[in-house]
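Hi everyone, thanks for coming.

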Amino acid sequence: MNWHTVYDISTADAGEYFGFVLFGAGMLVLAGGFLWRARRRGERSPTAKVVAGFGVLVAVLGYGVNTWDQNRLAAHLAAGEVQTVDGAVFAHARWREDITDSRRDSTRRYRHWERVVVGGVTFIWPPGAQQPGFTNAQTPPLDLHDGQWLRITWVEDVADEASQRRIVKLETGDPPAGYAGPAAGSFGVPTAVLPGAPYPSVLK
């Protein structure tokens with residue numbers, strides 16, 4: 001079978017996390033503005049310290065931790081310390097989880113998820129997330145659907161947790177000779193609570 005690589009963490013560009021550094025730098029500039037204004041008035045500026053600290057934290061966690069995590073996962077792939085499965089996509093679904101805190105939020109907030117099952121193994125990720133591993137964040141995103149043939153290589157960070165199966169390589173291929181695609185809706189995608197989801201959720 002001919003495989004087409006959609007995602008490979010060993011060739012992924014860590015530069016996509018540079019936005020965290022730019023955000024942190026912007027916070028430092030803002031903190032400098034608060035500090036300058038306070039000094040002109042002969043005052044101290046605790047706000048400047050808070051804003052500067054927040055900016056540094058975002059830069060360190062966003063860029064530093066993600067870069068470290070990407071290198072870690074790439075090392076697993078290079079060493080062959082991974083698992084691989086291939087087969088037809090089963091029960092593909094995208095949904096949103098309501099994470100609104102009625103005590104603090106004035107508008108509703110949602111967390112989005114996407115799921116595929118391949119070869120009996122469930123994979124769940126936040127679609128489009130800027131984090132190491134496949135999250136379907138490329139442009140354009142991969143049009144996943146039931147019956148599509150995939151080969152998925154992953155590192156299992158937490159045993160038996162679908163959302164912690166970090167996809168380090170994803171490939172598409174042509175179905176084997178004689179394979180008949182599924183009829184529309186034959187996989188029975190659930191319409192309410194998703195049992196394989198990391199949190200209680202409903203379909204989008």
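Let's begin with D69, which is buried, at a relative accessible area of 10%; buried means under 20%, exposed over 50%, and partly exposed in between, with a 1.4 Å probe and protein chains only. Before I go on: this is a predicted model, where local features need pLDDT of at least 70, side-chain atom pairs count only at pLDDT 80 or more, and totals for chains, interfaces and linings use all residues. Residues are numbered from 1 along each chain as its sequence is written, and side-chain values use heavy atoms, leaving out hydrogens and water.

So, who is D69's partner? D69 makes a salt bridge with R72, with the closest N and O atoms 2.7 Å apart. By salt bridge I mean a side-chain nitrogen of Lys or Arg within 4 Å of a carboxyl oxygen of Asp or Glu. R72 is partly exposed, at 23%. Both residues sit in helix α2, 3 residues apart, about one turn of the helix; helices here are DSSP runs of H or I, at least four residues, and strands are runs of E, at least two, numbered from the N terminus.

Now to the strands. E114 and R94 also pair up, at 3.5 Å from N to O. E114 belongs to strand β3 (residues 110-118) and R94 to strand β2 (residues 83-98), so this pair ties together parts 20 residues apart in sequence. E114 is buried at 1%, while R94 is partly exposed at 41%.

One more pair, friends: R165 bridges to E156 at 3.2 Å. Shared partners also join D69, R72, D157 and R166 into one network.
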